[in-house]
Amino acid sequence: MSVSCNISHENNQVVISINERFDFSLHQQFRDSYSQCLDQQLNYVLDLSETDYMDSSALGMILLLKDHVDLHASQLVIRKPSDTVNKILEIAQFHRLMTIEH
Amino acid sequence: MTHINPQTKLALVVDDSKTQCMMLSALLKEEGYRVVIANNGATGVEKYVEHQPDLVLMDINMPVMDGYEATRRIKKVSGKSLAPLIFITSMDSEEAYIESVEAGGDGILVRPFSPRVFKATIKSIERISDLYLQVRNLQQEQQQDAELAEKMMSEVIESRNFALSKTGVIKQAATMFSGDMQLTALCPNGDLHVLLGDFTGHGLRASIGAIPVTETFRAMTKKGFSLIDIIAQINQQLFDLLPRDLFFAACFANISEHDNSVSVFNAGLPEGYLFSSEGEIKQRFSSIHPPLGILVKLVASAKPELNQLHSTDRFVLITDGIIEARNEQGQEYGKSRFEQAATQGILVSDIATNVLSNLNDFCQGMPQEDDISLIDVPCAAWQGEELANQANQPHIPETFIVEDSFYDTSPSWSWRLELKGGLLAGINPIPIIMNQVNDIEGAGEHWQSLYTILTELFVNALDHGILGLDSSLKKSAEGFEQYFKERAIRLENLTDGFIIIELCYFPFEHGGKMHISFKDSGTGFDVFNVLKGNSCAQSEGLILSGRGIELVNQLCDTLDYQDNGTLVSANYVWHNLKH
């Protein structure tokens, strides 16, 4: 279970990937992964292709990330959610709030 | 002679050497302890149980039972209290140190030591012991507070639900507080409002929002607000109230016994179900909106989903705790197991019990990770026999009472509202009117009928007068759906037209009369033939439409159409029950 974060300065991209379970135990780690990115106009990618479980507190954490992204005039894309994770995003109708790339 | 003060602390010294015992006793007394002595491990355990001392000093090598074993036993019987214990030994080896800690010792003193070192050690143990006590007291206080809050919460929330005995409920919290809530409330027109909701997470943190949601849901339902108005208000409240990462996944429904319809708004819960009495799934209601409290306003395109139902159908909602419950092998309970258990449950007339026992069999006692909730609501006959249709059966006198005519000259107040164009689509005037009536005349059972009359007349004026919809469409199940689709489209494009609502109130000595009129800008209809057609079809029990006006007719003293059907006047008379 881990959060990894790659910041590429070339194309202004911040990629955050979550392995295995995305739940409340990652709260601090997840927040730390982006809170130091203070530049404007970045492209944030939340890669959920390796995530096989997500609970409702993870949805809350995504909303916090979305706030951070909006505050810094940046973009957020959720990339390749696995089937299980996508089901949860769908029930929460998150495609109405942000871009989800399949 | 020493005066024994029960307040002074008590120490137990376990040592087979009498000299050691005397020496330690003397040092302890200087620190204000009373002392009890045991000469081997076994009597040490006995004396511990008998005296419950505040501190234990333990030798290691002793006859009968050594210090390690005695310590293990003491720690076992001491349960939740700390029972601070220090080993006193001359074995200055790593093994002795490690084993004494593993046996449960809280410290070790190696001989020879000076009295100053002894006293310092006692002090440090006392400090730990005080902290431990503080934590325990705090824990107890917290537990008591939580129990009290939990009791109040469930009293405020679920126990005031409507038709409690008719609904099946599972509510199993993962911790003491549940972040899930189930609400039912009766609308003034006899419809039932249902809510199953799930706050993010569980425990106290998740249940705080339950109180404002409950209050808003109840108060607005009682005043006659529509489901979508209530949802919008709760969303707004939670948006203001909750931190960003907390939200409320909830499904709302309005079940109408009178229309045989259910309208459902699912915001972030798993699919809701409409089951037939044979246990067949007639309809699933999937989520159409993000959970509440995330967006400042509801997504405009998300509308409640309207469905026809049969009076013997069951409407069932669940939270994700059921679907995501896992067994020891890590398998999910899942949707299909739930659906099977629910279907079986319908056949034995108890969905909740059947689902819960099936779920428990599946989970094999695995600890529950999330709150588990279900609500199962019948689609008709919520009120007991004696209360049935109370709202629809006012106290209409057989004949007009003569003395009433003296009061029936001029109204004590009148009230008028004209709604034009687009406002007709967005404003529901009925709660506004009912508020006026309640403010001026006070609350009363008899206003329930007035509410029904106003609602039916307004809907007729809007649907048929302004929007020009043909209610015969509603005769078939497909037409029923088409009718409401068409209605939504026409409402959206509404730019002109008006409805004028007028109320005049005439108080009687034991009751009163409300004169109601609705005038609309529509083209009217053939009053005679429509009403005649209705009564015929109604007596054969065939049609889905026209019930509204029949009901109004029954409730009112008089009901007249004028101006080619564009003006309807009704008189609603009520009397206080004579005691």
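1. Interface contacts. In this predicted model, chain B meets chain A through 21 of its residues, which are in contact with 19 residues of chain A. The area buried between the two chains is about 1,500 Å². Carbon and sulfur atoms give 59% of that area. Three residues stand out on the chain B side: B:Arg244, B:Asp245 and B:Phe247 supply 32% of what chain B buries against chain A, more than any other three residues.

2. Polar terms across the interface. Two salt bridges are counted between chain B and chain A. Residue pairs in polar contact across the interface number five, both partners being at pLDDT 80 or more. By class, the face of chain B that touches chain A holds ten nonpolar, six polar and five charged residues. One salt bridge joins the side chains of A:Asp67 and B:Arg244, at 2.6 Å from N to O. B:Arg244 is also one of the three residues named above for buried area.

3. Chain B overall. Chain B contains 18 helices and 20 strands. Of its 579 residues, 47% are buried. Contacts between residues at least 6 apart in sequence were sorted by separation: 68% of them join residues at least 24 apart. The accessible surface of chain B is about 28,300 Å². Carbon and sulfur atoms account for 52% of that surface.

4. A salt bridge between distant parts of chain B. The rule finds 23 salt bridges over all chains. One is B:Lys9 with B:Glu126, whose closest N and O atoms are 2.8 Å apart. The partners are 117 residues apart in the chain. B:Lys9 sits in strand β1 (residues 9-14), and B:Glu126 in helix α5 (residues 115-156). The relative accessible area of B:Lys9 is 34%, so this lysine counts as partly exposed.

5. A salt bridge within one helix. B:Arg72 and B:Glu69 pair through their side chains at 3.6 Å, N to O. Why are they about one helical turn apart? Both belong to helix α3 (residues 67-78) of chain B, and they are separated by about one turn because they are three residues apart there. Each is partly exposed: B:Arg72 has a relative accessible area of 39%, and B:Glu69 has 28%.

6. A salt bridge at 3.9 Å. The closest N and O atoms of B:Glu332 and B:Arg326 are 3.9 Å apart. The cut-off for a salt bridge is 4 Å, so the pair counts. B:Glu332 is partly exposed at 25% relative accessibility. B:Arg326 is partly exposed too, at 25%.

7. The network around B:Glu271. Salt bridges link B:Glu271, B:Arg284, B:Lys335 and B:Glu339 in a network. B:Glu271 is placed in the loop between β10 (261-267) and β11 (272-275) of chain B. Its side chain makes a polar contact of 3.3 Å with that of B:Lys335. Leaving out residues up to four places away in sequence, B:Glu271 touches B:Asn266, B:Arg284, B:Phe285, B:Ser286, B:Ile318 and B:Lys335.

8. B:Ser263. Beyond residues up to four places away in sequence, B:Ser263 touches B:Leu227, B:Phe252, B:Ala253, B:Asn254, B:Pro304, B:Glu305 and B:Leu306.

9. A cis peptide bond. Most peptide bonds are trans. The bond from B:Arg111 to B:Pro112 is cis, with omega near -5 degrees. B:Pro112 belongs to the loop between β5 (107-110) and α5 of chain B.

10. Positive phi values. Most residues other than glycine have a negative phi. B:Gln52 has a positive phi, near 45 degrees. This glutamine lies in the loop between α2 (41-51) and β3 (55-58) of chain B. B:Asp563 is not a glycine either, and has a positive phi of about 50 degrees. B:Asp563 is located in the loop between β19 (558-562) and β20 (567-575) of chain B. With a relative accessible area of 47%, B:Asp563 is partly exposed.

Methods: Residues are numbered from 1 along each chain as its sequence is written. Chains are lettered from A and ligands numbered from 1 in the order in which they are written. This is a predicted model: local features need pLDDT of at least 70, side-chain atom pairs count only at pLDDT 80 or more; totals for chains, interfaces and linings use all residues. Side-chain values use heavy atoms; hydrogens and water are left out. Helices (H or I, at least four residues) and strands (E, at least two) are DSSP runs, numbered from the N terminus. Buried means under 20% relative accessible area, exposed over 50%, partly exposed in between (1.4 Å probe, protein chains only). Contact means heavy atoms within 4.5 Å. Accessible areas come from the Shrake-Rupley method with a 1.4 Å probe; for residues, only the protein chains shown count as cover. Buried area is the accessible area (1.4 Å probe) that two parts lose on being put together, summed over both. A polar contact is a pair of N or O atoms within 3.5 Å; within protein, one must be able to donate a hydrogen and the other to accept it, and residues adjacent in sequence count only if both atoms are side-chain atoms. Ala, Val, Leu, Ile, Met, Phe, Trp, Tyr, Cys and Pro count as nonpolar, Asp, Glu, Lys and Arg as charged, and the others, Gly among them, as polar.
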